[in-house]
Structures are given as structure tokens and as C-alpha cells.
Amino acid sequence: MYRSTVLSMALVFVTACSSAATNPPSATAPAASSGGAAASGGAPEKSALKIGVGGQGQIIYMPLTLADQLGYFKQEGLSVEIQDLKGGADALTAMGFYEHTIRTQTQGKLIQMIATCDLYPGLVMFAGKSHPEAKTIKDLANLKIGITSAGSSTEEMVKFLFKKNGLDPAAAQTVAVGSGGPAITALKNGVVDALVTVEPAASTIEKNSDGNVLYDTRTEQGTRDVFGGAWPAGGFYVPVDFVQQNPRTAQALARVAVDTLKYIKDHSPEDIAAKLPGQLFYPDGDQAAFAQVLGANQKMFSQDGKMPSDGPTNVLETLKAADTQTDWSKVDLSKTFTNSFVEAVK
């Protein structure tokens, strides 16, 4: 997120068109903020899309792969190429987590969340087993804290907690260690003294007793404890001009998101795990263990794809606290998301 551009873990889905239109967009197609969903009907203007994700095997981004495995994109007339990026910071160059829609606006670029998939970010901060005395962020003030990448949501959480607890965010000793296995190894081997990560890495660390949880945003209460309220994370977002020029494509993406969220709500974690590629989500081959982790985190997913009413303000306040170098005064939150497309899904 900062000078570079996202994680998200804070991603989730970024979309960029890669093919010619199958049907020309209507010259009168309205912007999403003014009811673009009403323009749906007929084939999507763009039949081929590239979708960037900052860590495809992470549970927070799982709806993207699940939608693809279930054939929901093809059902909407879309051919998609999923590009697994190293982290949110890289994802923002493609696009990425709801927070990215806010940051890019300060850079003169407008991107808009059209379907919110994650109600909370799922970020977990661990203190390594060599620091059992650590109980709060203050105990990590002079220690190395692992994050996915510079400018990511994991780094943002660290800096926000520093600010919230009276510490200087600029003094945080963050170290980029990636996600998944590399991040777990960095904590276990003492390359870093603490780590911010997501599932399924978080459960692996807990299972192996390689770290102690200090802050946990995998639940609604944990998210409120850290960020003070709702903190929407991953979802589908696209450039605003793309939404305006391709409303049927945007509507198709929103329908994919809503249908996938309904599937998650209506199916057991075992059923969902069976639909996912094991090499991405449980490379050790233990599908049952992955399903157990998924079940413990299933409530993080939205049921309807709508942006929580207090979410945008809370995310902006987090950004302000974590990054005091950016001018946030002209941010217009109403331009960072729209519920019009998901509300049009029948």
C-alpha cells in the first residue's frame, strides 16, 4: 500500500480487461454510482479478463478460486486468467483490498469495489515463541516484525497499532517475509521476532506452537478490538472508467461474487474444500485439516456482497493513523465502492 501499492492481504480481487469487447458498450451506459447495474442484460462487453490476487492460496481470497472452480465465470460468459501476485503491494498495480480504493484516490486514480467478499481482514499478529513475555504491540516496539510486503495491509496493521498505542509508526521494524510457508519459516527460525499473517498460515503457526497470538482479526469481535469497528477487506474492484464503459461486465462480476458467497453460506467447509485445488490450499494433502480451518473462518465471508455501512470510514481512519505522510483530506468515500451491482443480483 504505501508508495508501492497493496496486500492485502488486503486484496482481493483486481480485474483488468484483456480482450476486445464482444458487444460495444452502450453510449448511455450509466456509472455504477448512478445505477450502472440497471444496464445489465445481454453479454458482457469484455469476454476475457485478467484478475490479479495477492496470494491466491489464502483463505481471505478463496472466493475467487472457488468461483472459477465452480464455473461461475464461464456461466457469465467470461474467460478469466487469474494472476497470483506476491502480495497486495504488487496487487495494486493490477488493482486489490478495499483500502486500495481509498489510497489510489489520493494518487488521482479512481477504482471502485463492486462486491465485498470479506467482512474482516483475517490478519493475525503473532509473537515468536522466543518472546513469550510479549502481550501487546508495545512489547514488540524494538523487535523485527514480519509482514508480507512493504505497503501491504499487514504492514498497515503494524503501523496502525503502533499509532494507537502511542508509538511512532515510522519506528516499526517491519521485514518483508512473504506469505504462507516462507512467513511461517521466518517466524519459526527467528528471522523475525513477530509476524502478521492470515489463514491458513495462522492456524499452522498455532498448531505447531510457533507463536502466540497478540491480535486476531479473524472474527468480528477481534476486528473491532483492533480497528474499532467493521473493516471490510477483499472483494472485486475495478477502475471506475471500466465500470462506466462496461456495466454489463461489472454486473457479471458482481453476480459471480454473490453466487459464490451464497455457495459458501449454503455448503459445509468439507464440500467447499473438495472443490478447491489442493496444491494451492492444502499442499500437504490434508484436506480435512484445511476444511477445519476454513470452517473456523467461514463467518468472515459476506452473505450478500454489500459494503458494511461503517466500513469505509473505519478503513479510512486506519489509513490516516498508519500513514501520516499522505493527504487524506480530499478522499470521497462514496466514490470508492458501490452496492448497486450486488443489489441488482436476483
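In helix 13 (residues 287-297), the residues Phe290, Ala291, Val293, Leu294 and Asn297 are buried (buried is under 20% relative accessible area, exposed is over 50%, and partly exposed is in between, with a 1.4 Å probe and protein chains only). These five residues lie on the same side of helix 13, because they cover an arc of only 160° around the axis (the arc is that of the directions from the helix axis to the C-beta atoms). This is a predicted model, in which local features need pLDDT of at least 70 and side-chain atom pairs count only at pLDDT 80 or more, while totals for chains, interfaces and linings use all residues. Residues are numbered from 1 along each chain as its sequence is written, and side-chain values use heavy atoms, with hydrogens and water left out.

**Overall composition**

- The protein has 15 helices and 10 strands, where helices (H or I, at least four residues) and strands (E, at least two) are DSSP runs numbered from the N terminus.
- Of the 346 residues of the protein, 58% count as buried, and the accessible surface comes to about 13,200 Å², with 48% of that area belonging to carbon and sulfur atoms (areas are from the Shrake-Rupley method with a 1.4 Å probe, and for residues only the protein chains shown count as cover).
- Among contacts in the protein with a separation of 6 or more, 83% are accounted for by residues 24 or more positions apart, a contact being heavy atoms within 4.5 Å.

- In helix 6 (residues 180-188), the buried residues are Ala183, Ile184, Ala186 and Leu187.
- These residues of helix 6 also cover an arc of only 160° around the axis, so they sit on the same side of helix 6.
- The cover over the buried residues of helix 6 includes strand 5 (124-128), strand 8, helix 7 and strand 9 (211-216).
- Just after helix 6, Gly190 takes a positive phi of about 80°.

**Parallel strands around strand 6**

- Strand 6 (residues 144-147) and strand 7 (residues 173-176) run parallel and are joined by four bridges (two strands pair if DSSP finds at least two bridges between them).
- Lys144 stands opposite Gln173 in strand 7, and Gly146 has Val175 as its bridge partner in strand 7.
- Strand 6 also pairs in the parallel sense with strand 8 (residues 194-197), over two bridges, and in strand 8 the bridge partner of Gly146 is Leu195.
- Together with helix 5 (residues 153-164), strand 6 and strand 7 make a right-handed β-α-β unit (right-handed if, with the strands pointing away from the viewer, the path from the first strand over the helix to the second runs clockwise).

**Aromatic pairs**

- Seven aromatic pairs are found in a search of the whole structure (rings of Phe, Tyr and Trp, the last by its six-membered ring, pair if their centres lie within 6.5 Å, and planes under 30 degrees apart count as stacked, over 60 as edge-to-face and the rest as tilted).
- One of these aromatic pairs is formed by Tyr61 and Phe97, which are edge-to-face, with 6.2 Å centre to centre and 85° between the planes.
- Tyr61 lies in the loop between strand 2 (48-53) and helix 1 (62-69), and Phe97 in the loop between helix 3 (88-94) and helix 4 (98-106), so the pair ties together parts that are 36 residues apart in sequence.

- Asn339, found in the loop between helix 14 (311-322) and helix 15 (340-343), is buried, with a relative accessible area of 17%.
- The C-alpha atoms of Asn339 and Met113 are separated by 8.5 Å, although these residues are 226 residues apart along the chain.
- Not counting residues up to four places away in sequence, Asn339 touches Gly305, Lys306 and Met307.
- Gln69 lies in helix 1 and is partly exposed, with a relative accessible area of 43%.
- Gln69 and Lys275 are 6.5 Å apart in space, C-alpha to C-alpha, and 206 residues apart in sequence.
- With its neighbours within four places in sequence left aside, Gln69 is in contact with Lys275 and Pro277.
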